[in-house]
Amino acid sequence: FNPYEHGEVFVLDDGGEVDLDLGNYERFLDITLHRDNNITTGKIYQNVISRERRGDFLGKTVQVVPHVTDTIQDWVTRVAHIPVSKTGETPDVCVIELGGTIGDIEGMQFVEAFRQFQFKVGRDNFCLVHVSLVVETSGGEQKTKPTQQNIRELRALGLAPDFIACRSKNPVSDTVTSKISRFCNVPEKNVVNVYDVTNIYRVPILLQDMVKLMKVQLNIKTTR
């Protein structure tokens, strides 16, 4: 990892060197992640090439679809069942962060893999949260066109968001929320504002309502 791009490298308990995001997940959720919780394009292609050399594909031509996309789905399915909490129980939910920008060539195989994955696991077991930056002009006007455009691009690739998390410098107005809902085909209550806060520990407070709605959608019953 280039520290100028990713910040400080986080080292997991098993020695895996990963993005600092995984360190934040560990701290917030009180879990212990492993090197396989970090999926990269290099790891996926290395896995595919090793299996091809071993003869697992029986001499077939190796292609992005289905071989690379299937490997991504199999990796996620396998890792989702690995215990990460002190209880040793199988996790109820697997949170997957697909980084980058929709339309970037680097992430296209992952987008296609998750397009297929939503049908493999069923929509009752799949929830998509799209994070989009709400641009603010020097005059303080909040613009929704970039969000509308990247949602349109996402839908063209076969993925429709259940929630839209709007990142912004200041709280998004009700008018902007309504506009994003209307043009992005998402219920207004599912448009969540994640604006800049003074302390990172305030972020979960902003997401409480979204988490409650996600529990209903995924039929998750908890005591908390």
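Predicted model: local features only at pLDDT ≥ 70, side-chain atom pairs only at ≥ 80, totals over all residues.

Student: OK, is L58 buried or exposed?

Tutor: Anything over 50% relative accessible area counts as exposed. L58 has a relative accessibility of 73%, so the label is exposed.

Student: And what is phi of L58 near?

Tutor: In general, most residues other than glycine have a negative phi. L58 is a residue other than glycine, yet its phi is positive. The value for L58 is near 55°.

Student: N219 also has a positive phi without being a glycine. Where does N219 lie?

Tutor: The phi of N219 is about 55°. With a relative accessible area of 56%, N219 is exposed. As for its place, N219 lies in the segment after α9 (208–217).

Student: What about peptide bonds: which one is cis, with omega near 20°?

Tutor: Most peptide bonds are trans, as a general rule. Here we look toward helix α4, where P66 is found. The cis bond with omega near 20° runs from V65 to P66.

Student: While we're in helix α4, is T69 buried or exposed?

Tutor: T69 is found in helix α4. Leaving out residues up to four places away in sequence, T69 touches V64, Q109, E112, A113 and Q116. Its relative accessibility is 0%, and the cut-off for the label is under 20%, so T69 counts as buried.

Student: Now the inside. Which residues touch the most other members in the largest nonpolar core?

Tutor: That core has 17 residues. The residues touching the most other members are I44, I72 and L159.

Student: Let's zoom in on I72. What does I72 touch, not counting residues up to four places away in sequence?

Tutor: I72 is one of the core residues that touch the most other members. With the sequence neighbours up to four places away left out, the contacts of I72 are I44, Q109, F110 and A113.

Student: C166 has a bridge partner in β7. Which residue is it?

Tutor: Strand β6 covers residues 163–168, and five bridges join it to β7, the two running parallel. Strand β7 spans residues 191–195 and is mostly covered, with four of its five residues buried. The partner of C166 in β7 is N193.

Student: How many salt bridges does a search of the whole structure find?

Tutor: One of them joins D162 and R123, with the closest N and O atoms 2.9 Å apart. Another is formed by the side chains of K143 and E141, at 3.4 Å from N to O. Searching the whole structure gives a total of nine.

Student: How many residues apart in sequence are the parts that D162 and R123 tie together?

Tutor: D162 is in the loop between α6 (145–156) and β6, while R123 is in the loop between α5 and β3 (129–133). D162 counts as buried at 13% relative accessibility, whereas R123 is partly exposed at 35%. The pair therefore ties together parts whose separation in sequence is 39 residues.

Student: D196 and R167 also meet in a salt bridge. How many residues apart in sequence are the parts they tie together?

Tutor: Their side chains meet at 3.0 Å, N to O. D196 lies in the loop between β7 and α8 (203–206), and R167 lies in strand β6. Both ends are partly exposed, D196 at 41% and R167 at 31%. So the parts this pair ties together have a sequence separation of 29 residues.

Terms used:
Residues numbered from 1 in each chain as written. Heavy atoms only, no water. Core = buried A, V, L, I, M, F, W, Y, C linked by side-chain atoms within 4.5 Å. Buried < 20%, exposed > 50% of the residue type's maximum accessible area, 1.4 Å probe, protein only. Contact = heavy atoms within 4.5 Å. Pairing = 2+ DSSP bridges. Salt bridge = Lys/Arg side-chain N within 4 Å of Asp/Glu carboxyl O.
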